[in-house]
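I opened this entry to record what I looked up, going from the whole chain down to single residues.

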Amino acid sequence: MAPAEASRLKTTAPGVVRRHRSLHILRLDTVPHPEGGQACVFLRQHRCAIHPQRPTTCRRFPFGLVATPAGLRVTTEHRCPCRSLGPRPLLSLDDALPSLYGSSGRLQPDLTLGPRVRVEGRRYLSFQRFVAEVEGPLLEALLAPAPSFEALGAPYPDLDEVSWGDVAHLLRGYAEEGSSGALAVGLFADTLLSLQGVTTKARRARPWSWSFDRAEARGGPPRQADEVLGDWVADVLWSLVWTEHGSFVQGLAELATRLAVARELGHRLHHRLGLRPDRAAAEAVMCAELVGALPLWESVRASIRAAWSSNT
Ligand code: SF4
């Protein structure tokens, strides 16, 4: 949350803004939720008590806006079961538009793309060619009823000076903070660590499970876990957010890694706890998406780039 927004909220409700111990970011305080775990201090009976004055991040969630040379793109985040689980009417532009205007009253993109896209090394394509030749076929494969993740390539690309095990340990350090977000990071970190061959005995609570209970109770036919995962990966690519962190191929390698961990975490939640496969996958996606937004993960992306340049 931006400092100005934090000051505004502190004035109307003193004591609600906290600084994360290790991430040094400002966030709203959480309190125990009657259905388990922690929830935002303003959540009352599943509704926001400050809805008209809620922070910008909440106002925009789960939508995002990207300005491309071919027009504006609306994107969605998947960390909330409102997006990833249970039957819901298709999102329409009318749903999204009110969230996408800035305080100036104009549509406010989160990202503005130039005319060319860096695919790999010194290979660039015009945005239009990139969409037609690279992005389009990939999105089609990811959004198929039985998605194929092969085109993403291998997970766990080389890192500069650290290992993926080191990354898992650093993430576990963040998880000590104890909030619901930290629990999600911890679940991801434990899974990443075990995929690197280190067994952990950690038993963590699952954050916001009451929210997933409600989404599951909406009914509707279950989906395959891979459908939930493919939908998420396609939206991350569609958001073009990876263009801020390096080439397309590097973005795929980073995403393939979070996908591999999310897939394994989903398997575990399904097999060990008996969660429905699509629900287990949706909870795993929530963890992987939160990790992708951490400042530490920015360093992971930088480390992928650095290792890539020294290897080529
Ligand atoms: S919309 Fe934001 S401020 Fe309101 S309850 Fe949810 S997280 Fe809290």
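**Overall.** I am working from a predicted model. I counted 12 helices and 11 strands in the protein. I then checked the radius of gyration: a compact globule of 312 residues would come near 20 Å, and the protein has 19 Å, so the two agree. Along the principal axes, the C-alpha atoms fill a box of roughly 50 × 50 × 40 Å. I looked up burial next: 31% of the 312 residues count as buried. Among contacts with a separation of 6 or more, 66% come from residues 24 or more positions apart.

**Helix α11.** I went to residues 277-292, which make up this helix of 16 residues. From first C-alpha to last, α11 reaches 22 Å, close to the 22 Å expected at 1.5 Å a residue. Is α11 mostly covered or mostly open? I found it mostly covered, with 14 of the 16 residues buried.

Strand β10 spans residues 116-120 and strand β11 spans residues 123-126. They run antiparallel, joined by four bridges. Which residue of β11 is the bridge partner of Glu 120? I noted Arg 123.

**Ligand shell.** I listed the residues around the ligand: Leu 28, Cys 40, Phe 42, Leu 43, Cys 48, Ile 50, Arg 54, Pro 55 and Cys 58. I sorted this shell by type and got eight nonpolar residues, no polar ones and one charged.

Technical notes
Residues numbered from 1 in each chain as written. Predicted model: local features only at pLDDT ≥ 70, side-chain atom pairs only at ≥ 80, totals over all residues. Near = placed C-beta within 6 Å. Nonpolar A, V, L, I, M, F, W, Y, C, P; charged D, E, K, R; others polar. Pairing = 2+ DSSP bridges. Helix = DSSP H or I, 4+ residues; strand = E, 2+ residues; numbered from the N terminus. Expected span 1.5 Å × (residues − 1). Buried ≥ 20, exposed ≤ 12 C-beta atoms within 10 Å, placed from the backbone. Rg over C-alpha atoms; globule rule 2.2 N^0.38 Å. Contact = placed C-beta atoms within 7 Å.
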